[in-house]
Amino acid sequence: MTAAQCCETSDTMSNTAVVRGLVLRQAEYKESSRMLTVLTDGMGKIPVSARGAGRRGSRTAAASQLFAFSEMTLSQSRDRWYLNDANTIELFRGLTEDIAAFALGAYFLDLMDAVCQEGVDEPEILSLGLRALWLLSEGKKERALIKCSFELRLMSLLGYRPELERCAGCAAEDIDAPVLDLRGGELYCAACAEKHALSPRKLCGGSLSAMRYIVLAQDGKEFSFSLKDAPLKRLGATSEAYVREQLERSFASLAYYKGIEG
Ligand SMILES: [Zn+2]
């Protein structure tokens with residue numbers, strides 16, 4: 001499956017819609033019903049009520065689970081969307097078999113939920129999220145690598161792409177001890193960082209070149225790099241801190257993931 005396969009058709013005249021969507025959040029309510037937050041391709045983030053989804057044999061049970069990506073048939077009544085039917089496309093089952101992958105996937109969902117406004121279509125964020133969840137679920141790529149790339153690409157899609165080409169102070173391109181200013185998203189050499197960086201974070205050659213690759217890679221290629229050991233740790237700590245600084249908030253799901261991964 002690729003995210004490019006997402007499509008959407010909707011017919012607002014009759015208040016029904018068929019849309020592909022990823023479940024970002026799920027809460028039980030009443031008996032056997034679920035309230036979902038779904039990131040759709042075409043309608044953006046919407047709340048969806050899945051009545052009876054928790055009942056045995058329900059046709060919408062699988063599609064109303066966390067991480068489920070499905071083609072959903074929705075109907076609207078009094079400004080609320082209801083899930084009538086669904087065909088699951090991808091359930092990312094690998095995430096339920098590995099607690100660390102599940103925890104990191106939950107952080108990705110929380111991040112998407114936090115940055116997407118209700119009703120604003122965000123097809124690129126959805127595609128990025130699906131690619132990241134797919135890699136996580138498959139378990140063939142290092143989690144730390146998927147995490148930092150997802151964080152930096154998400155920030156870039158939101159308009160916070162860090163400027164990494166040259167020192168923002170003296171314009172040097174070849175920098176011995178690079179520093180990222182987490183506040184301004186700009187790169188500095190050590191001397192310029194002392195003067196200009198408000199929230200400095202030290203990088204190294206390896207972490208900087210991986211970061212440059214991530215923010216400039218074509219869609220779909222953002223996870224195709226390798227980095228290990230200290231530079232990967234440094235990059236991971238930096239991308240995480242960059243998200244926290246730019247969004248001005250922390251995530252309980254991230255703390256949970258770090259508790260597992262160490
Ligand atoms: Zn400089």
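**Exercise 1. Describe the overall build of the protein in this predicted model, beginning with the share of buried residues.**

Solution. Of the 262 residues in the protein, 40% are buried. The next step is to list the secondary structure, which comprises seven helices and nine strands. The radius of gyration is 20 Å, close to the 18 Å given by the globule rule for 262 residues, so the protein is as compact as a globular protein of that length. Along the principal axes, the C-alpha trace extends over about 65 × 40 × 30 Å. Finally, consider the contacts between residues at least 6 apart in sequence: 56% of these join residues at least 24 apart.

**Exercise 2. Determine whether phenylalanine 67 is buried or exposed, and state which residues it contacts.**

Solution. Begin with the location: phenylalanine 67 lies in the loop between strand S4 (44-50) and strand S5 (69-77). Next, count the neighbours. A residue is buried if 20 or more other C-beta atoms lie within 10 Å of its own. Phenylalanine 67 has 24 C-beta neighbours inside 10 Å and therefore counts as buried. Then set aside the neighbours within four places in sequence; phenylalanine 67 is in contact with Val23, Leu91, Phe92, Leu95, Gly105 and Leu133.

**Exercise 3. Classify the arrangement of helices H1 and H2, and describe their contact.**

Solution. Helix H1 covers residues 99-115 and helix H2 residues 123-138; their axes come within 10 Å and cross at roughly 175°. Angles over 145 degrees count as roughly antiparallel. H1 and H2 are therefore roughly antiparallel to each other. From H1, the contact involves Ala101, Leu104, Gly105, Phe108 and Met112, and from H2, Ile125, Gly129, Ala132, Leu133, Leu136 and Ser137. Sorted by class, the residues of this contact are eight nonpolar, three polar and no charged.

Definitions and conventions
Residues are numbered from 1 along each chain as its sequence is written. This is a predicted model: local features need pLDDT of at least 70, side-chain atom pairs count only at pLDDT 80 or more; totals for chains, interfaces and linings use all residues. Axes are lines fitted to C-alpha atoms, for helices over the stretch in contact, and angles run from 0 to 180 degrees between N-to-C directions. Helices (H or I, at least four residues) and strands (E, at least two) are DSSP runs, numbered from the N terminus. Angles under 35 degrees count as roughly parallel, over 145 as roughly antiparallel, 65 to 115 as roughly perpendicular and the rest as oblique. Two residues are in contact if their C-beta atoms, placed from the backbone, lie within 7 Å. Ala, Val, Leu, Ile, Met, Phe, Trp, Tyr, Cys and Pro count as nonpolar, Asp, Glu, Lys and Arg as charged, and the others, Gly among them, as polar. The radius of gyration is taken over C-alpha atoms; the globule rule is 2.2 Å times the number of residues to the power 0.38. A residue is buried if 20 or more other C-beta atoms lie within 10 Å of its own, exposed if 12 or fewer, and partly exposed in between; C-beta atoms are placed from the backbone.
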